[in-house]
Amino acid sequence: MSQETDFTLYGAGSSTVMKVALMLEELELGYRFEHVHIFRGEQFSPGFLALNPNGRVPVLIDHRQRRTLFESGAILIYLAEQFSRFLPSEGDARYEVLQWLMLEVSGLSPTFGQHLHFTRFEPQASDYARERYTSQAIRLMDVFEQRLQQREFLCADQYSIADMAAFAWLVRLDGLQLPSTGRPNLARWCATLGARPAVQRMEQLASKVREEAARNRSQASADDLDHLFGRGQYLRSR
């Protein structure tokens with residue numbers, strides 16, 4: 001097992017961060033979690049922007065290699081290749097995992113994120129915005145439901161980084177106010193993954209970080225929220 005200081009994960013309580021935490025837990029790697037308090041604007045600080053110029057979490061530092069990585073999909077692939085686990089090394093099986101990972105990164109994650117934004121964080125949102133992203137989130141749920149029909153995991157019946165990435169969002173349907181019944185394959189898959197010790201450790205971390213984030217949000221000013229969401233004086237039009 002790695003020493004505690006081998007890795008540092010900068011993140012918040014989002015599913016995008018927790019998929020990386022899950023990978024670290026599955027690999028049984030020692031790591032330090034640094035909570036980036038996004039409601040305080042810490043992601044916009046010069047120190048954090050030096051780690052990720054896009055000003056988003058997660059960021060992973062591999063102290064062994066003196067390497068800093070951002071973007072959750074890139075981090076998952078990096079860790080899988082570093083430790084030769086949860087991603088086949090070649091052939092059709094490798095590209096099967098990568099394409100489902102890319103669907104999560106480019107489809108599931110941003111769509112669920114926009115659904116969350118327009119249903120929870122933006123009371124002025126139009127009915128169209130809320131309905132569009134809710135509908136698209138449910139459509140993607142059905143894609144994964146059909147994929148899991150008669151298969152234990154997303155790819156080649158082997159647990160992989162594609163499962164980790166999708167699970168971090170799909171296990172939260174109730175909290176996201178999305179329909180959590182009527183999809184037996186998703187329910188079975190979530191239960192299977194939820195029984196894994198690494199998943200349980202990740203969920204404990206997520207619960208702790210989200211509780212702290214909720215306190216920070218309750219103390220955030222209107223300007224803090226505008227900065228976070230790119231509204232008001234932070235809105236860019238040209």
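A charge sits over a ring if NZ of Lys or CZ of Arg is within 6 Å of the ring centre and within 35 degrees of the ring normal. To see a case, select arginine 132 and tyrosine 133: the charged end of the arginine sits over the tyrosine ring, 5.6 Å from its centre.

Before moving on, note that this is a predicted model, where local features need pLDDT of at least 70 and side-chain atom pairs count only at pLDDT 80 or more, while totals for chains, interfaces and linings use all residues. Residues are numbered from 1 along each chain as its sequence is written, and side-chain values use heavy atoms, leaving out hydrogens and water.

**Aromatic pairs**

Rings of Phe, Tyr and Trp (its six-membered ring) pair if their centres lie within 6.5 Å; planes under 30 degrees apart are stacked, over 60 edge-to-face, and the rest tilted. That rule gives nine aromatic pairs. Select phenylalanine 86 and tyrosine 159, an edge-to-face pair with 5.6 Å from centre to centre and 80° between the planes. The two are 73 residues apart: phenylalanine 86 is in the loop between helix 3 (72-83) and helix 4 (91-121), and tyrosine 159 in the loop between helix 5 (127-147) and helix 6 (161-170). (Helices, H or I with at least four residues, and strands, E with at least two, are DSSP runs numbered from the N terminus.) Why does phenylalanine 86 count as buried? Its relative accessibility is 13%, and buried means under 20% relative accessible area, with a 1.4 Å probe and protein chains only.

**The hairpin**

Next, show strand 3 (residues 59-62) and strand 4 (residues 67-70), which run antiparallel and are joined by four bridges; strands pair if DSSP finds at least two bridges between them. Leucine 60 has leucine 69 in strand 4 as its bridge partner. Now pick arginine 66, which takes a positive phi near 55° in this hairpin.

**The largest pocket**

Finally, centre the view on Ser14, Ile38, Arg56, Leu228 and Phe229, which of the 40 lining residues are the closest to the centre of the largest pocket. On a 1 Å grid over the protein atoms alone, a pocket is an open set of points where a 1.4 Å probe fits, with protein on both sides within 12 Å along at least five of seven lines; lining residues have an atom within 4 Å of a point. Colour helix 4 too, as it gives the most to this lining, with 10 residues.

Methods: Buried < 20%, exposed > 50% of the residue type's maximum accessible area, 1.4 Å probe, protein only.
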